[in-house]
Amino acid sequence: PYDHYDKHLAHFTDKYKELFEEENPEISLLGEVIQKLWNDNVKLSINSNTDELTGLLTRRGFSNIILPLINLAKRKLLPVAFIIADIDHFKKINDQFGHPTGDIVLKGIAASIKSCLRDADIVGRYGGEEFIIFCPDIEANSITSILRKIRETVNEASFAGHNVTISMGGVECILSSTGKEIKTTLSEIYKEADMLLYEAKNTGRDKYIHKRLLM
């Protein structure tokens, strides 16, 4: 939609200037103002929905993007997956090696997670050292392979000379077409994934736990 509207607006402003530039230069400036307002709003939208450090979506940006995908999955009863990942012992990295090293680790983990996902999958920085992933229209029981691939990729990588591990909680579910509000359903899914994440952390870390649900 951004690209499509950007081309449409550029065509409009070009025609606008063509019509008015010779007769009334002041009016022709309106086309430039409209174009500038659009460009500025696009930048603001990107900045408000993108985490500056990792380049991932913020929690707000993540929610905005997945809502229409969730509605589609609910209508068509498509299986989806949610994963919450947390870097193990991240506070120790910041305390021992400083926040610049911690930032390198965060950026590295973000890149590692993205490399394991399909183009259609959505990943965001959930907060601090936590990441959230949404996988739309997945094959049944494929969440195990997704979690395994992310864990192995992170374990094999080195970030600023440091090897780190992550723990993950994952929920694979089919959203039933009940009258329950979609935001309520999402809140319940997040809670389930978060509980599984903490179970993984409390039982040894560097692992993942997941379950399948009908919501």
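In this predicted model, a search of the whole structure identifies three aromatic pairs. In one of them, Phe82 and Phe134 form a tilted pair, with 4.9 Å from centre to centre and 40° between the planes. This pair links distant parts of the chain, since Phe82 lies in strand E1 (residues 79–87) and Phe134 in strand E3 (residues 130–135), 52 residues apart. Both partners are buried, Phe82 with a relative accessibility of 1% and Phe134 with one of 0%. Phe82 also pairs with Tyr190: the ring centres are 5.8 Å apart and the planes stand at 80°, so this pair is edge-to-face. Here too distant parts of the chain are linked, as Tyr190 belongs to helix H7 (residues 182–202) and is 108 residues apart from Phe82 in strand E1. Tyr190 counts as buried, at 14% relative accessibility.

Together with Tyr126, the residues Phe82, Phe134 and Tyr190 form one aromatic cluster. The ring of Tyr126 has a further neighbour, for the charged end of Arg59 sits over this ring, 4.0 Å from its centre.

Cys116 is in no disulfide, and the nearest cysteine sulfur, that of Cys135, is 11 Å away, whereas a disulfide would require the two sulfur atoms to be within 2.5 Å. Cys116 is buried, with a relative accessible area of 9%, and Cys135 is likewise buried, with a value of 0%.

Key: Residues numbered from 1 in each chain as written. Predicted model: local features only at pLDDT ≥ 70, side-chain atom pairs only at ≥ 80, totals over all residues. Heavy atoms only, no water. Buried < 20%, exposed > 50% of the residue type's maximum accessible area, 1.4 Å probe, protein only. Phe/Tyr/Trp six-rings, centres within 6.5 Å; stacked < 30°, edge-to-face > 60°. Helix = DSSP H or I, 4+ residues; strand = E, 2+ residues; numbered from the N terminus. Lys NZ or Arg CZ within 6 Å of the ring centre and 35° of its normal.
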